[in-house]
Amino acid sequence: STAVSPIPRTSASAAKTILLSGFIAGTLDMLAAILVYSVIMQKVTAVQILHGIAAGVFGKNTVGNSTTMALIGLAFHYFIAFCFAIGYCLVYPHIPFLRKQKIISGLLYGTFVWAVMNFIVVPMSNAYHAPFAWPSAIRAAAILMICIGLPISLITSRYYKSKL
């Protein structure tokens, strides 16, 4: 006898697609942030980047030690990446442009992610946010376009290719 899965196959595939795209996008974004801000520019350490993310919720308060705060920041970072992966996966079937222009739509989605993070999420959080400056805005937007928008778009379009 064969076991019947309580989760329909398409739901499991959609969940896998969201998990994969969110994980890849979150990982690429974190690696890019470390490479650009820690290695190349030498502005902050990787741990300071993660503490900055955790500060969105905790402000200047700390939970546990430095490692705990860094892990909390990493968890928040991936949570945000998964939220953007879910959002894209939900709207993809309803916007034909996303199917027709997966590269352009991925880059545009990265720009959208940058706008949401910089004009809504960060200002509403307890995290430090520097005054607006074009060079840093362009740098951050480029990272999100390549590391968040593109992978989410490409992975989501691969999933829906056989479905729509």
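What percentage of the 164 residues in the protein is buried? The figure is 37%. Please keep in mind that this is a predicted model.

I'll start with the overall layout. The protein has 6 helices and 0 strands. Going along the sequence, the pattern reads α-α-α-α-α-α. Along the principal axes, the C-alpha atoms fill a box of roughly 55 × 40 × 30 Å. If you take the contacts with a separation of 6 or more, 67% of them join residues 24 or more positions apart.

Now the inside. The largest nonpolar core has 21 residues. The residues with the most contacts inside that core are Phe-84, Tyr-88, Tyr-109, Val-113, Ile-148 and Ile-152. Which helices each supply at least two residues of this core? They are H1, at 9–40, H3, at 66–91, H5, at 102–124, and H6, at 134–160. H6 gives the most, with 7 residues.

There is also a second, separate core, and this one has 10 residues. Among them are Met-30, Tyr-37, Leu-50 and Ile-143.

Back to Tyr-88, one of the residues with the most contacts inside the largest core. Leaving aside residues up to four places away in sequence, what does Tyr-88 touch? The list is Leu-98, Ser-105, Tyr-109, Ile-152, Ser-153 and Thr-156.

Next, the outside. The protein exposes about 10,000 Å², and carbon and sulfur atoms supply 71% of that area. On the surface there is a nonpolar patch formed by Ile-86, Leu-90, Val-91, Ile-95, Phe-97, Ile-104 and Leu-108. Together these residues have about 590 Å² of accessible area. H3 and H5 are the elements that give two or more residues to the patch. The largest share, 3 residues, comes from H3.

Ile-95 is placed in the loop between H3 and helix H4, which spans 96–100.

Methods: Residues are numbered from 1 along each chain as its sequence is written. This is a predicted model: local features need pLDDT of at least 70, side-chain atom pairs count only at pLDDT 80 or more; totals for chains, interfaces and linings use all residues. Side-chain values use heavy atoms; hydrogens and water are left out. Helices (H or I, at least four residues) and strands (E, at least two) are DSSP runs, numbered from the N terminus. Buried means under 20% relative accessible area, exposed over 50%, partly exposed in between (1.4 Å probe, protein chains only). Contact means heavy atoms within 4.5 Å. Accessible areas come from the Shrake-Rupley method with a 1.4 Å probe; for residues, only the protein chains shown count as cover. A nonpolar core is a set of buried Ala, Val, Leu, Ile, Met, Phe, Trp, Tyr and Cys residues joined through side-chain atoms within 4.5 Å. Patches are made of residues with over 30% relative accessible area and no salt bridge: like charges are joined within 9 Å, nonpolar side chains (Val, Leu, Ile, Met, Phe, Trp, Tyr) within 5 Å. A salt bridge is a side-chain nitrogen of Lys or Arg within 4 Å of a carboxyl oxygen of Asp or Glu.
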